[in-house]
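The following exercises are to be worked through with the sequence and the three-dimensional model at hand. Each task is followed by a solution in steps.

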Amino acid sequence: MKKHEARSPHPRLRARSRLVILSLDMPKTTNAPAKDNLAEEFLRYLSVERNASTRTLKAYRQALTAFRTSNKTPWKKCQTDHFRDYLFGLMKREQARAYIRLQFSALRAFYRFLASRKQLKRDPIRELQLPKIDKKLPLVLTRQQIDDLLTAPLKIKKSRAATSWMPQRDVAIMELFYSSGLRLSELTALDVADVDLYTESVRVLGKGRKERVCPVGLPALEAISRYRAAANVHTGPLFLNKSRQRISPRSIWLILKRYLRHTSIPISISPHKLRHSFATHLLDRGADLRSVQALLGHASLSTTQIYTHVTVERLKKAYAEAHPRA
């Protein structure tokens, strides 16, 4: 071998080098799905112009993506039969009716957007008949059960891991739930400045980022004041965890589950049951439906009307139990 001649590499390494060079010259392929510009524009419209919540945007994106996964036809060329086949596929997989209606709610909103913004002449989903949801009456706690639940935090022994002010916080959370009928997400998002002790009200940012003002009863206001004094809470998030960060919805679920074991309530309940109980007890005591709708932050009166059915059922039960000729 000559002095300045480079030593030949191993034949396998040489072959591998040629493969690397060839691979660099070859065009790269990807299996990434093409961007759906119409869907993205629709979601931006919902976010910017309609103030849709993060949860709504996530659900609608999932619904559009799910349909595109099963049907590759361009949106503007889809026919009613495409959506009918998709509907039958969901029903064949025994998806819940509520889930199916949510999927098609997103698709219908999307096609309304295409009609108004993209001059789509025909809505292929308008003629489609969806399965009806079996309306279930919400479970409602009695006033005695509510009292048992709201007094439980101060009756049971505090765990060692809990800070001294946590029982007062838990009472304040449940009192405010029942006093104002807030949603779980609305309650966890509250700041100290949202509660006005002088007007006895709370400012709430509800669905669609719509603001409303709800009255707060004196027991709830007193519970909030005791908790704030004990926990030294003056600004920022109203309800804190032990790390003094904003409490999470999951933590409130666990709080309610813990205290439920120390009551006579025979069923498992969610924080939303306190909202149901709030609305039903108002109607039981003579509140009009429109007022309850405003307090709950319902966009449609039909959503609130389910509580009238609960009240009627309770009246029928009371009648059957008490009337001698029932």
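The model is a predicted one.

**Exercise 1. Determine which residue of strand 3 stands opposite Ser 201, and describe the sheet around this pair.**

Step 1. Ser 201 faces Pro 215 of strand 3. Likewise, Val 202 has Cys 214 of strand 3 opposite.

Step 2. These residues belong to the pairing of strand 2 (residues 201-205) with strand 3, which is antiparallel and runs over 5 bridges.

Step 3. The whole sheet is open, with 3 strands in the order 1-2-3 and antiparallel pairing. Strand 1 (195-196) and strand 3 (211-215) are the edge strands; each has a single partner, so one side of each lacks a neighbour in the sheet.

Step 4. Strand 2 and strand 3 form a hairpin with 5 residues between the strands, and there Gly 208 adopts a positive phi near 70°.

**Exercise 2. Assign the residues of strand 3 to its covered and uncovered faces.**

Step 1. In a regular strand, side chains alternate between the two faces of the sheet.

Step 2. In strand 3, Arg 212 and Cys 214 make up the covered face. Glu 211, Val 213 and Pro 215 make up the uncovered face.

Step 3. Cys 214 has a relative accessibility of 0% and therefore counts as buried, the limit being under 20%.

**Exercise 3. Describe the largest nonpolar core and identify the element that gives the most to it.**

Step 1. As background, the protein has 14 helices and 3 strands, and 37% of its 326 residues count as buried.

Step 2. The largest nonpolar core comprises 52 residues, and Leu 149, Ile 173, Leu 176, Leu 187, Tyr 227 and Phe 239 have the most contacts inside it.

Step 3. Two or more residues of this core come from each of helix 6 (143-151), helix 7 (166-180), helix 8 (184-188), strand 2, helix 9 (218-231), helix 10 (249-260), helix 11 (271-284) and helix 12 (289-296). The greatest share, 8 residues, is given by helix 7.

Step 4. A separate, second core has 29 residues, including Ala 52, Trp 75, Leu 107 and Ala 109.

Step 5. Phe 239 may be examined individually. Beyond its neighbours within four places in sequence, Phe 239 contacts Arg 169, Ala 172, Ile 173, Leu 176, Leu 187, Tyr 227, Gln 245, Arg 246 and Ile 247.

**Exercise 4. Locate the largest cavity by naming the residues that line it.**

Step 1. The structure holds 1 cavity of 30 Å³ or more. The volume of the largest cavity is about 40 Å³.

Step 2. Its lining consists of Ile 173, Met 174, Phe 177, Ile 252, Ile 255, Leu 256, Pro 271 and Leu 274.

Step 3. Helix 7, helix 10 and helix 11 are the elements that each give two or more residues to this lining.

**Exercise 5. Characterise three loop residues: Asn 51, Arg 244 and Pro 237.**

Step 1. Asn 51 occupies the loop between helix 2 (37-48) and helix 3 (54-70). Although not a glycine, Asn 51 has a positive phi of about 55°. With a relative accessible area of 31%, Asn 51 is partly exposed.

Step 2. Arg 244 lies in the loop between helix 9 and helix 10. This residue, also other than glycine, has a positive phi near 65°. Its relative accessible area is 40%, which means that Arg 244 is partly exposed.

Step 3. Pro 237 is likewise found in the loop between helix 9 and helix 10.

Step 4. Not counting residues up to four places away in sequence, Pro 237 touches Leu 190, Asp 191, Val 192 and Arg 246. Pro 237 and Asp 194 are 43 residues apart in sequence, with a C-alpha to C-alpha separation of 9.5 Å.

Key
Residues numbered from 1 in each chain as written. Predicted model: local features only at pLDDT ≥ 70, side-chain atom pairs only at ≥ 80, totals over all residues. Heavy atoms only, no water. Buried < 20%, exposed > 50% of the residue type's maximum accessible area, 1.4 Å probe, protein only. Pairing = 2+ DSSP bridges. Helix = DSSP H or I, 4+ residues; strand = E, 2+ residues; numbered from the N terminus. Core = buried A, V, L, I, M, F, W, Y, C linked by side-chain atoms within 4.5 Å. Contact = heavy atoms within 4.5 Å. 1 Å grid on protein atoms, 1.4 Å probe; cavity = no way out; pocket = protein on both sides within 12 Å on 5 of 7 lines; lining within 4 Å. Points joined across faces, edges and corners; volume = space filled by probe spheres on them.
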